[in-house]
Amino acid sequence: APGPAGDAGPPRHGAPAGLFAWLRGRCLGRGAAVDPARDTFGAMTGLYGAIQPADSVSLSTRTHGAVFNLEYSPDGSVLTVACEQTEVLLFDPISSKHIKTLSEAHEDCVNNIRFLDNRLFATCSDDTTIALWDLRKLNTKVCTLHGHTSWVKNIEYDTNTRLLVTSGFDGNVIIWDTNRCTEDGCPHKKFFHTRFLMRMRLTPDCSKMLISTSSGYLLILHDLDLNKSLEVGSYPILRARRTTSSSDITSSGSSGPRAVGSPCHQNDSGPLSEKHLSRSSQREGGSPRNSLEVLTPEVPGERDRGNCITSLQLHPKGWATLLRCSSNTDDQEWTCVYEFQEGAPVRPVSPRCSLRLTHCIEEANVGRGYIKELCFSPDGRMISSPHGFGIRLLGFDAQCRELVDCLPREASPLREIRSLYSHNDVVLTTKFSPTHCQIASGCLSGRVSLYQPKF
C-alpha cells in the first residue's frame with residue numbers, strides 16, 4: 001500500500017531493504033517524518049529567518065565589565081549574565097526588564113552559569129569557587145563550594161543523579177553531590193585530571209564526557225560512570241588518532257590555557273604522556289566504563305600546525321559536538337561540527353575514532369585572546385556564533401534541516417542563514433532561549449542584546 005501523503009512509501013517487493021528497515025530509517029530521522037515535534041521545530045526555524053535586533057537589556061550598573069556567559073532558566077523566564085567584574089545580572093528576557101544584580105557574587109571574574117532546575121543555579125569564578133543560588137532568595141548564596149585550586153571555567157549537571165560537575169584551569173574535573181548539600185557546601189571528589197584543560201561537557205544522556213584542551217586534543221570518556229574517581233593510568237585507553245588522518249597524537253604542537261583576557265602560557269607536551277599511552281590496554285571497539293579516547297580533531301587550515309580548542313558545545317540530541325578552534329599563532333579561527341560515530345572501527349586494524357568532521361566555517365579573527373562561546377539552537381538545527389561585532393546564524397544546509405538528514409560524505413561549509421550586528425565591541429557569548437524564539441548576545445564592553453522575529 002502507498003505510504004502517507006508526501007511519503008515515498010515502503011520499498012516495493014524485491015527492494016534490498018524490507019518494511020522494517022524502512023520504518024527503522026524513519027525512526028532514526030532519515031525519512032520524511034520522524035516525530036510530531038519535527039513540524040514544530042521546522043516552524044521555529046522559519047521564525048529565525050525573520051529575526052532582527054530587538055532591545056538591549058537595561059544594565060543597572062556600569063561596573064560589571066565584559067559579558068563572559070549567558071544562561072536562560074529551563075523555562076525561559078530568566079536570563080542570567082556572568083560578568084567580568086564579580087557581578088551576576090538577572091533579567092526578564094520577555095520584557096527586557098532588570099530583575100536583580102548580584103553585585104558581589106564572587107571575588108573575581110564570573111565565568112559560567114548553569115541552572116540545575118527552574119529555581120536553583122550555580123556560578124563559577126576565577127576566585128576558584130562555585131556558588132549555588134536560589135531565585136527565591138537572592139540576597140544570600142545557598143552555599144559556596146571550595147575544591148579547585150585555580151580558575152573554575154565550566155559547570156555541568158546530571159539531572160538523574162543530581163551530581164554537579166565542574167572543571168577548571170587546575171586541570172581537575174570535580175564531582176559535587178548536591179543531594180547532601182548543606183550551608184557549608186557539598187561533599188565532593190576529584191573525578192579526573194588532565195593538563196591544559198579548557199572546557200568540559202556532558203552529553204545530554206550523560207553517557208560521555210568531552211574535555212577540550214589548549215594543546216588541540218579532545219578527550220572523550222565513554223560509558224561514563226561519575227561515581228568512580230579516575231587516576232592517571234587507571235582507565236583503559238582506546239587508541240587515539242587525528243579525526244581524518246593517521247597522525248600520532250604526540251606529533252602535534254601545543255599552546256597553553258587561554259583564559260578570557262589572559263595571556264598564553266606555552267607548553268610542549270600533550271595532556272597524557274606517551275608512557276601512559278603505551279602501557280595502557282589501547283583496545284579497539286568495545287568501551288568499558290570510563291574508557292578514554294584521545295583525538296586531535298581535524299581543523300581546516302591547521303593540518304601542519306597546532307591549535308587551541310577554546311569553546312566546546314554538544315548537540316541537544318547528542319548527535320554531534322561543536323568546537324571553536326584557533327591556531328597557535330592566532331591568525332585563524334574556525335567553527336567545526338563533528339558527528340559522533342559509535343561502534344567499532346570500520347577496519348579492525350584502524351584506530352578507533354568516534355568523531356568525524358562534517359561541517360566547518362572560518363570565523364572573523366577579531367578579539368584575539370578572548371574566548372567566544374557559541375551554541376546550538378534548542379532543536380539542534382542552527383548554530384549561533386559570535387562573529388566580530390555581532391553573531392551569525394549558521395545551518396547545516398540552506399533549508400536548516402536536521403544534521404542527520406543532510407550528512408555530507410566529506411566536510412562541507414556551514415551555511416550562513418542570517419548575520420545580526422548590534423554591538424559596538426567584540427561579541428564573546430551568545431545563547432538561544434530554550435522556550436521562545438529569542439537569541440541573546442553579550443560583548444566585551446558589557447552590552448547584552450536580544451534578537452527576536454519582526455514582521
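How many bridges pair strand E25 (residues 390-395) with E27, and in which sense do the two strands run? The answer is 6 bridges, in the antiparallel sense. Two strands are said to pair if DSSP finds at least two bridges between them. Strands (E, at least two residues) are DSSP runs, numbered from the N terminus.

Before we go on, a word on the source: this is a predicted model, in which local features need pLDDT of at least 70 and side-chain atom pairs count only at pLDDT 80 or more, while totals for chains, interfaces and linings use all residues. Residues are numbered from 1 along each chain as its sequence is written, and side-chain values use heavy atoms, with hydrogens and water left out.

**Two open sheets**

E25 and E27 belong to an open sheet of 4 strands, ordered E23-E24-E25-E27 with antiparallel pairing. Its edge strands, each pairing on one side only, are strand E23 (375-376) and strand E27 (415-421).

Another open sheet has 4 strands in the order E6-E7-E8-E9, and its pairing is antiparallel. Here the edges are strand E6 (110-115) and strand E9 (143-146), each of which pairs on one side only. From one strand to the next, the twist averages 20 degrees (axes are lines fitted to C-alpha atoms, and angles run from 0 to 180 degrees between N-to-C directions). Strand E8 (residues 129-134) is joined to E9 by 4 bridges, and Leu132 stands opposite Cys143 in E9.

**Nonpolar cores**

A nonpolar core is a set of buried Ala, Val, Leu, Ile, Met, Phe, Trp, Tyr and Cys residues joined through side-chain atoms within 4.5 Å. Buried means under 20% relative accessible area, with a 1.4 Å probe and protein chains only. The largest core has 19 residues, and those touching the most other members include Val165, Val173, Phe191 and Met209. Among the strands that each supply at least two residues are strand E11 (163-168) and strand E12 (172-177), while E14 gives the most, with 3 residues. Beyond its neighbours within four places in sequence, Val173 is in contact (heavy atoms within 4.5 Å) with residues including Thr166, Lys189, Leu197 and Ile211.

Apart from this core lies another, of 18 residues, among them Trp334, Phe340, Cys353 and Leu355. Cys353 sits in the loop between strand E21 (333-340) and strand E22 (355-362). Cys353 counts as buried because its relative accessible area is 16%. Its C-alpha atom is separated by 8.1 Å from that of Glu293, 60 residues apart along the chain.

**Salt bridges**

Side chains of opposite charge can pair when their charged atoms come close. A salt bridge is a side-chain nitrogen of Lys or Arg within 4 Å of a carboxyl oxygen of Asp or Glu. The whole structure has 16 salt bridges, and three of them are set out here.

| Pair | N to O distance |
|---|---|
| Arg201 and Glu156 | 3.3 Å |
| Glu333 and Lys372 | 3.7 Å |
| Glu339 and Arg356 | 3.3 Å |

Arg201 and Glu156 are both buried, as are Glu333 and Lys372. Glu339 is buried too, because its relative accessible area is 14%. Glu339 in strand E21 and Arg356 in strand E22 are 17 residues apart. Finally, Glu333 and Lys372 belong to a network of salt bridges that also links Arg324, Glu363, Arg392 and Glu416.

Terms used. Buried < 20%, exposed > 50% of the residue type's maximum accessible area, 1.4 Å probe, protein only.
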